[in-house]
Amino acid sequence: MATFSNIEVYKKGQIAFVMINRPKQRNALNKETLDEITGALETLKKDESAECIVFTGKGVESFAAGADITELREKTAGDALKSDGMQDVFNLIDYYEKPTIAMLNGFALGGGCELAMSCDIRIASTNAKIGLPELNLSIIPSAGGTQRLARIVGKGKALEMILLGKIIDANEAFRIGLISEVTSPVDLPAKVEEVASQICAKGPLAVKLAKIAVNFGADVDLKTGLMFEKLAQAVLFSTEDKIEGTNAFLEKRKPQFQGK
């Protein structure tokens, strides 16, 4: 794995961690950091031993406190339309072929909240604070915030959070379905590793195709989505892992999946 300036990438068994390493800037997401995240994801995609990706922030204060305001101040209309911005990086995460988890260890504001929402699963410590306060700067959440938040928590709650610039705690985020679990700061890493390990124990092809079916099915009508589902299942029915999984269940043993 390459050495980065603004992120740390390391592995624990089958789990790869991408840690934003700008604690003095509350892990703000500048262009260099986003480029490094993209580079890390491209490398991890080729690493078959990395089966689940966890995003988090360095230190105990912030997951990611949003965009770098110094950079943001200089943005022009043309910058918003470029194809290598924050929204594009988070789209890459949203449709990444490997499962992703956001480990929210502190503030997840603006772009940090949008990064978390682009992950498959969000797990937060009790000291996490989450929100989209961009309207305070007379801009909108434009890295997926206006779209993903409404799809996760519903239009009404999304508008309330965005229009008020509302920052909520982990328990409120759990109540509205924005995050899936809340735990103490000291227990957060273990909980995330537990969830990631549970995913890694599943058939890797099934995990990949489940993500495809859900992600692409969510953007089409039900009939088309059901066809995505049926075709994904047809592929899985023809795999060696399906035979291994069903045999292991009937033989009451742990399956040994090969991704074939």
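User: Contact means heavy atoms within 4.5 Å. Which residues does Glu134 touch, not counting residues up to four places away in sequence?

Analyst: This is a predicted model, in which local features need pLDDT of at least 70, side-chain atom pairs count only at pLDDT 80 or more, and totals for chains, interfaces and linings use all residues. Residues are numbered from 1 along each chain as its sequence is written, and side-chain values use heavy atoms, leaving out hydrogens and water. Glu134 is placed in the loop between S8 and helix H6 (145-153), where helices (H or I, at least four residues) and strands (E, at least two) are DSSP runs numbered from the N terminus. With that exclusion, Glu134 touches Gly110, Gly111, Glu114, Ile139, Ile140 and Pro141.

User: Which side chain of opposite charge is nearest to Glu134?

Analyst: Lys and Arg count as positive, Asp and Glu as negative, and His and the chain ends are not counted. Glu134 is buried (under 20% relative accessible area, 1.4 Å probe, protein chains only). Glu134 has no salt bridge (a side-chain nitrogen of Lys or Arg within 4 Å of a carboxyl oxygen of Asp or Glu). At 11 Å, the nearest side chain of opposite charge is Arg148.

User: Within what arc do the buried residues of H6 fall?

Analyst: In H6, Gly145, Arg148, Leu149 and Val153 are buried. They line one face of the helix because, seen down its axis, they fall within an arc of 105°. The arc is taken over directions from the helix axis to the C-beta atoms, and its value is 105°.

User: Which helices do these buried residues of H6 pack against?

Analyst: Gly154, which follows H6, has a positive phi near 100°. The buried residues of H6 pack against H4 (86-94), H5 and H7 (155-164).

Conventions:
Buried means under 20% relative accessible area, exposed over 50%, partly exposed in between (1.4 Å probe, protein chains only).
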